[in-house]
Every structure is written in C-alpha cells, then in structure tokens.
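This report concerns aromatic contacts and ligand surroundings. The sequence and structure are shown below.

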Amino acid sequence: MKIFLDTANLDEIKEANSWGILDGVTTNPTILSREAGKGRFTDILKQICEIVDGPVSGEVIALNAKGMVTEALELSAIHENITIKVPMLPDGLKAVRELSAQGIKTNMTLVFTPSQAILAAKAGATFVSPFIGRLDDISHFGMDIAADIITIYENYGFETEVIIASVRHPLHVVEAGLCGADIVTMPFGVLERIVKHPLTDSGIKRFLEDWEKVQK
Ligand code: E4P
C-alpha cells in the first residue's frame, strides 16, 4: 500500500518524509488555501515536489476542458512529479483523455460512485480518488464504494490506481488495506494517530524503568 499525505503543509510533509513511509502528496484548492501567506501556490507545489519522491497532485480550477488542459500544462511545468487533479465532470473526462494522450498523469477527483470510477478509468485517468469520509458524513458506507471500484477495476484489468481519499481516522486506512486499495491519502493528524498507541507508550516507559534498575 502506498501512503500519500493529504496536505500542502511543508513541515508536515518533511516530517512524514523523514519517517521513510511517504510515497506522494495530494492537494486541492481548500488544502492550498490553508497555506495562504506562505508564498504562491505554484511555489508551494514545487517545494513539495522537491521533498517527496512521488506523485504530487495539484488541482485545476477551470470547469471546461480547454481551460483544464491549459491549467494542467502550466501545473505540469512546475515539476515532473506533478499529477493533475481533475474533477469528475463531462469536461473533466475530456480533459483527462487529452492529458493522458499527452502522457500527463491525472487524478480524477470528487468521485463518489463506482460508475463514475468506471468512466474515469475509461478516460485514461492514472489515479481515481473516491472520497470515503464525505460519503460516511452523509450516512453512506464510503469504503463499500471503494471496494466495489477495486473489484470492477480488477474484473476488467483497468490500470487506474485507486487513492482512498477524504480519510478521517486510522480505521479508514485499515479498511482500505483490507479491500486492496493501491494508495491511501491522509491528513498528517491521521498518520500521527496511527503511530500512537497507549500500550506502545507504556511499554517503552516500563522498559526504560526496568533498564534503569539494571544500571544501579
Ligand atoms: C483528496 O484528494 C482530497 O483532497 C481530500 O482527501 C478531501 O478530504 P476532505 O473530505 O477531508 O476534504
């Protein structure tokens, strides 16, 4: 399973990268807006690419295919690791098809159903991002949607990789692993919570206390 960080915060990305477990980063306009005042968003994306050795998603804002492709080419020029996030719309599908033909990696975003994911794969998306937490928020079983997408992709040999997105807690990561997701993208806070366990902490404390006794 590949682990991506769903943030544009450079400190968080540097820290997760130093743990040796980071495979990529996803951003969106909301995530980048949280870094307002820290420089141009293109500079932030460039710095992220210089830290992480893997795909870094930057999202287009245009809602028509022509505008999406224009923005995508500008974003791609930032760094070879930039992946273009495109929303699930008819024009988004057109843009993904065009970008895929040009060899530019794409991440079809705001995907909420297996049928949308079929279209993303057929358009040639490199990645598809089902938003699990936002489905859970409205009383749907988000991970069931992701599991169906993975089964359908396996049935037909689609090469599009599934990124479990809108992750809210460590159990989403476990469930993603159980259904065989290629990638999970998560906020830094979720990554920190995965590492922490009270028995790990109390175990370390006891080992150190016992070792102290041996030294006396
Ligand atoms: C993923 O690519 C999205 O940026 C992100 O996971 C959305 O998460 P949210 O629903 O917490 O905003």
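## Aromatic residues

In this predicted model, Tyr 156 has a relative accessibility of 62% and therefore counts as exposed, the threshold being over 50%. Tyr 153, by contrast, is buried, because its relative accessibility of 4% falls under the 20% limit. Phe 158, with a relative accessible area of 24%, is partly exposed.

These residues, Tyr 153, Tyr 156 and Phe 158, make up one aromatic cluster. The structure holds 5 aromatic pairs. In one of them, the ring centres of Tyr 153 and Phe 158 are 5.5 Å apart and the ring planes stand at 75°, so this pair is edge-to-face. Phe 158 also pairs with Tyr 156 in a tilted arrangement, with 6.2 Å from centre to centre and 35° between the planes.

## Ligand surroundings

Asp 6, Thr 26, Asn 28, Ile 31, Lys 85, Phe 131, Arg 134, Ala 165, Ser 166 and Arg 168 surround the ligand.

## Polar contacts and burial

For Lys 85, a polar side-chain atom lies 2.5 Å from a ligand oxygen. For Arg 134, the corresponding distance from a polar side-chain atom to a ligand oxygen is 2.6 Å. An N or O atom in the side chain of Asn 28 is 2.7 Å from an oxygen atom of the ligand. The ligand taken alone exposes 350 Å², of which the protein buries 86%.

Methods:
Residues are numbered from 1 along each chain as its sequence is written. This is a predicted model: local features need pLDDT of at least 70, side-chain atom pairs count only at pLDDT 80 or more; totals for chains, interfaces and linings use all residues. Side-chain values use heavy atoms; hydrogens and water are left out. A residue is near a molecule or strand if one of its heavy atoms lies within 4 Å of it. A polar contact is a pair of N or O atoms within 3.5 Å; within protein, one must be able to donate a hydrogen and the other to accept it, and residues adjacent in sequence count only if both atoms are side-chain atoms. Accessible areas come from the Shrake-Rupley method with a 1.4 Å probe; for residues, only the protein chains shown count as cover. Rings of Phe, Tyr and Trp (its six-membered ring) pair if their centres lie within 6.5 Å; planes under 30 degrees apart count as stacked, over 60 as edge-to-face and the rest as tilted. Buried means under 20% relative accessible area, exposed over 50%, partly exposed in between (1.4 Å probe, protein chains only).
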